[in-house]
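Trainee: I am new to this structure. Please show me how to read its features.

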Amino acid sequence: KTKPFRLVKYFSLLSLIAVFIGILLLTVVNTHWARSMQFNKSEKYALLMVENLSYQILTQVLIPLQLKYKKIQLRQKEQYKRMDQIVRGTLHSFSVERLNIYDIGHTISYSFDEDMVGLNDVGGIGFFSALEKKTNSRLEQSGTFIENFFGFPRKTTIITFAPLLFTPQDKNLEPILLGVIEIAQDISEDYKTIFRFQIHLV
């Protein structure tokens with residue numbers, strides 16, 4: 001008489017486990033989808049910044065400095081100060097953690113961190129892809145093993161490399177590559193919000 005009861009308990013337990021695993025799988029899929037959407041959104045956000053910054057650098061820095069000094073040398077204090085003023089003024093309302101501008105020779109000519117100026121060959125694959133006029137982004141995540149394993153790293157940064165282009169008014173002419181812009185955005189809170197939302201669903 002007790003065997004049917006034990007069998008019911010056994011199948012009930014299996015059903016609960018199956019439902020729990022199903023919920024976990026669904027949560028993982030939803031989290032991946034939400035993070036993919038957030039990544040694409042952040043990348044588009046970075047591209048808007050690059051477009052705006054490229055225009056401001058060209059019209060407010062490069063052309064005026066070329067006319068005034070006949071040669072652009074950002075190592076000169078006055079020229080660097082002008083670049084810094086325009087860049088920071090353009091990005092002051094954006095959440096930018098790091099910004100480097102490379103010349104086409106892979107040397108950092110401007111950076112939020114002045115100690116980075118003059119460094120060579122630090123852009124990696126992202127730089128060379130942008131040098132071919134291809135925008136690209138990647139994620140950098142840091143945290144403990146447990147945090148990374150369960151998908152809620154302590155810090156998440158999206159790093160975007162994009163070409164710095166001058167587009168001639170003549171549409172028959174190709175855009176001219178002036179350099180490469182590297183922008184790093186801290187999107188940790190966005191990812192943590194996604195994680196908290198998924199926890200509530202579970």
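Mentor: Start with a definition. A salt bridge is a side-chain nitrogen of Lys or Arg within 4 Å of a carboxyl oxygen of Asp or Glu. This is a predicted model, where local features need pLDDT of at least 70, side-chain atom pairs count only at pLDDT 80 or more, and totals for chains, interfaces and linings use all residues. Residues are numbered from 1 along each chain as its sequence is written, and side-chain values use heavy atoms, leaving out hydrogens and water.

Trainee: How many salt bridges does a search of the whole structure find?

Mentor: Side chains of opposite charge can pair when their charged atoms come close. Here the search finds six salt bridges. One of them joins Glu132 to Lys134, at 3.6 Å from N to O. Another joins Glu140 to Arg138, at 3.1 Å.

Trainee: Which residue forms a salt bridge with Glu182?

Mentor: Arg98 does, with the closest N and O atoms 3.1 Å apart. This pair links distant parts of the chain: Glu182 lies in strand E5 (residues 176–186) and Arg98 in strand E1 (residues 98–102), 84 residues apart. Strands here are DSSP runs of E, at least two residues, and helices are runs of H or I, at least four, numbered from the N terminus.

Trainee: Is Glu182 buried or exposed?

Mentor: Buried means under 20% relative accessible area, exposed over 50%, and partly exposed in between, using a 1.4 Å probe and protein chains only. Glu182 is buried because its relative accessible area is 5%. Arg98, at 27%, is partly exposed. Glu132 counts as exposed, at 53%.
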